[in-house]
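Please open the model in your viewer and keep the sequence panel beside it. This tour names one selection after another and says what can be found at each stop.

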Amino acid sequence: MPSVIQLEGVTREFDASGPPALGPVSLDVPAGAAVAVTGPSGSGKSTLLNLIAGLDRPSSGTVTVAGTRLDALGEGGLARFRREHIGMVFQFFHLLDDLTVLDNVLLPAQLLGAPRAASRARALELLENLGIDRHARAYPGRLSGGERQRVAVARALINRPALLLADEPTGALDSAAGAEVRDLLVELHQDGQTVVLVTHDPALARACADRTVRLTDGRVAYDGPSDAAPEAPAGAGAAGAGASSAAVASVATGASEGVRG
């Protein structure tokens with residue numbers, strides 16, 4: 001099965017006088033796989049996700065996603081690539097409050113220049129499949145947290161991305177809404193969607209992914225079946241926000257802004 005993600009000898013340094021924040025890391029994710037990336041705060045999870053999303057550039061090594069070398073693209077090329085090939089779901093939804101649910105979902109397709117009639121039909125189909133079509137003309141502020149995250153998932157899928165990235169997707173939800181999003185991610189994987197999930201929750205990793213990559217101090221400490229992955233040490237928690245707000249909004253909606261690094 002072809003690879004959707006290939007990282008070869010990737011490092012990311014933010015301070016030349018200290019050890020790299022990530023790497024060297026080599027990783028191969030085949031099409032249709034579901035991979036959870038876990039590790040304590042500061043382990044490099046968000047850095048890895050930003051590199052895969054084309055929101056950051058490696059200090060060394062190569063990052064290939066859906067057959068394209070991201071480290072060789074300029075900012076405009078990265079923005080176009082994200083719109084066409086990557087869907088992303090974040091902890092805090094990042095929906096636009098002044099747009100309806102339907103218009104939020106349609107936004108990446110509009111930015112891609114997709115035909116409006118086909119995009120609208122796709123958006124309504126996604127909302128129906130996710131059980132929130134009755135809210136198509138509502139505004140996000142009227143929805144529950146779980147419903148807003150489903151809208152974010154529909155927005156991420158509107159352009160039929162090769163890769164779905166989920167960054168702590170249940171972190172801002174109560175247990176019931178979190179279980180709904182967990183089940184949704186499982187269904188998407190079962191339908192063939194390639195998913196990379198960043199989480200500090202080992203139960204979520206086991207439920208949603210058949211493979212876990214655990215990072216420690218920027219390096220891969222474990223890469224194997226999720227049900228055999230080591231438990232996180234006591235006190236290990238979620239990492240802080242990885243990408244800037246502008247970068248998050250960019251990749252969430254498909255806007256053209258990039259991140260330099």
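Begin by selecting Val101, Asn104, Val105 and Pro108 in helix α3, which meet Val151, Ala154 and Arg155 in helix α5; contact here means heavy atoms within 4.5 Å. By class, the residues of this contact divide into five nonpolar, one polar and one charged, where Ala, Val, Leu, Ile, Met, Phe, Trp, Tyr, Cys and Pro count as nonpolar, Asp, Glu, Lys and Arg as charged, and the others, Gly among them, as polar. The model is predicted, and local features need pLDDT of at least 70, while side-chain atom pairs count only at pLDDT 80 or more and totals for chains, interfaces and linings use all residues. Residues are numbered from 1 along each chain as its sequence is written, and side-chain values use heavy atoms, with hydrogens and water left out.

Now widen the selection to the whole of α3 (residues 101-112) and α5 (residues 145-157), whose axes come within 7 Å and cross at roughly 30°. That angle makes α3 roughly parallel to α5, a label given to angles under 35 degrees, with over 145 counting as roughly antiparallel, 65 to 115 as roughly perpendicular and the rest as oblique. The axes are lines fitted to C-alpha atoms, for helices over the stretch in contact, and the angles run from 0 to 180 degrees between N-to-C directions. Helices (H or I, at least four residues) and strands (E, at least two) are DSSP runs numbered from the N terminus.

To see the contact, select Gly146, Gln149, Arg150, Val153 and Leu157 of α5 together with Ala177, Glu180, Val181, Leu184 and Leu188 of α6. In this contact of α5 with α6 there are six nonpolar, two polar and two charged residues.

Next, turn to the open sheet of six strands, which follow the order β6-β7-β8-β3-β9-β10 with mixed pairing; two strands pair if DSSP finds at least two bridges between them. At the edges stand β6 (86-89) and β10 (219-225), each with a single partner strand, so one side of each is left without a neighbour in the sheet. Neighbouring strands of this sheet are turned by 15° against each other on average, direction ignored. Helix α2 (residues 75-85) packs on the sheet, where α2 touches β6 and β7 (163-167), and the direction of α2 makes about 80° with that of β6. Follow the sheet to strand β9 (residues 211-216), which is joined to β10 by six bridges in an antiparallel arrangement, and pick out Thr212, which stands opposite Gly224 in β10.

From there, move to the loop between β6 and α3, where Phe93 is found. The phi of Phe93 is near 70°, a positive value in a residue other than glycine. Is Phe93 buried or exposed? Phe93 is buried, with a relative accessible area of 9%, buried meaning under 20%, exposed over 50% and partly exposed in between, with a 1.4 Å probe and protein chains only. His94 lies in the loop between β6 and α3 as well, and has a positive phi of about 55° although it is not a glycine. At 29% relative accessibility, His94 counts as partly exposed.

For the last stop, select the open sheet of four strands in the order β2-β1-β4-β5, where the pairing is antiparallel. Its edge strands are β2 and β5 (68-69), each of which pairs on one side only. Helix α1 (residues 45-52) packs on this sheet and touches β1, β2 and β4, its direction making about 125° with that of β1. Strand β1 (residues 3-12) is joined to strand β2 (residues 22-30) by six bridges, and the partner of Val10 in β2 is Val25. Within strand β2, find Pro24, which a cis peptide bond with an omega of about 5° joins to Gly23. On to strand β4 (residues 60-65), which pairs with β1 over five bridges: there the bridge partner of Leu7 is Val63, and that of Gln6 is Thr64.
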